[in-house]
Structure formats: structure tokens, C-alpha cells
Amino acid sequence: MTDTNEYRTIPCYELEQFPIIGVYKELLAGKRKALPAGTWEKDENVIILVRYVLEVQLGLSREQIPKINKHEC
């Protein structure tokens, strides 16, 4: 099992280095119709994608983002 905390501590400006962000950008550009199967099953993809959208695209600070984990759902 991967320690997902490492994905929570990566500076937001480094999130674009992950392949899933490239795939996400292709989706937004219309080059893809959907994210690959299994994207949401990998915790690291979920953390990276959600952080990218909230912190990079929306410009929210960590303090503005509520603390959520899958155990609270």
C-alpha cells in the first residue's frame, strides 16, 4: 500500500509533473472523451487531481479547502 501522505505534501506547482494531469488536460481540451478506467480507484490519482483542480485551477489555499477523507463519506 502506498503512503498517500506524500501526495498531500507535494507543492502545488509540482502537480503538473504527474501523468494523470496530462490526461486530465487532454480531457478538458476535447482530445479524450473520459478519464481512463480505474482513474478514481487509485488514491494517488484522486489526491493529485483534486488538489490540482482546487489549488492550481481555482487558486484556493490549503486553509480554504476542508479536510476530507474517504472514511468520512
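I take contact to mean heavy atoms within 4.5 Å of each other. With that in hand I looked up the contacts in the chain between residues at least 6 apart in sequence, and I noted that 62% of them join residues at least 24 apart.

Before going on, I wrote down that this is a predicted model, in which local features need pLDDT of at least 70 and side-chain atom pairs count only at pLDDT 80 or more, while totals for chains, interfaces and linings use all residues. I also noted that residues are numbered from 1 along each chain as its sequence is written, and that side-chain values use heavy atoms, with hydrogens and water left out.

**Entry: overall fold.** I looked up the secondary structure and found three helices and zero strands, in the pattern α-α-α along the sequence. Here helices (H or I, at least four residues) and strands (E, at least two) are DSSP runs, numbered from the N terminus. Of the 73 residues in the chain, 26% are buried, where buried means under 20% relative accessible area, exposed over 50%, and partly exposed in between (1.4 Å probe, protein chains only).

**Entry: the core.** The largest nonpolar core has 13 residues, and Y7, F18, I20, I21, I48 and L49 have the most contacts inside it. Helix 2 (19-28) and helix 3 (43-57) are the elements that give it two or more residues. Such a core is a set of buried Ala, Val, Leu, Ile, Met, Phe, Trp, Tyr and Cys residues joined through side-chain atoms within 4.5 Å. Leaving aside neighbours within four places in sequence, I found I20 in contact with T39, N45, I48 and L49.

**Entry: two helices together.** I read that helix 2 and helix 3 pack at an angle of about 60°, with their axes 10 Å apart; axes are lines fitted to C-alpha atoms, for helices over the stretch in contact, and angles run from 0 to 180 degrees between N-to-C directions. Helix 2 is therefore oblique to helix 3, since angles under 35 degrees count as roughly parallel, over 145 as roughly antiparallel, 65 to 115 as roughly perpendicular and the rest as oblique. The contact is made by I20, I21, Y24, K25 and L28 of helix 2 and by N45, I48, L49, Y52, V53 and Q57 of helix 3.

**Entry: L15.** I found L15 in the loop between helix 1 (5-9) and helix 2, and it is buried, with a relative accessible area of 0%. The C-alpha atoms of L15 and Y52 are separated by 6.4 Å, although the two residues are 37 apart along the chain.
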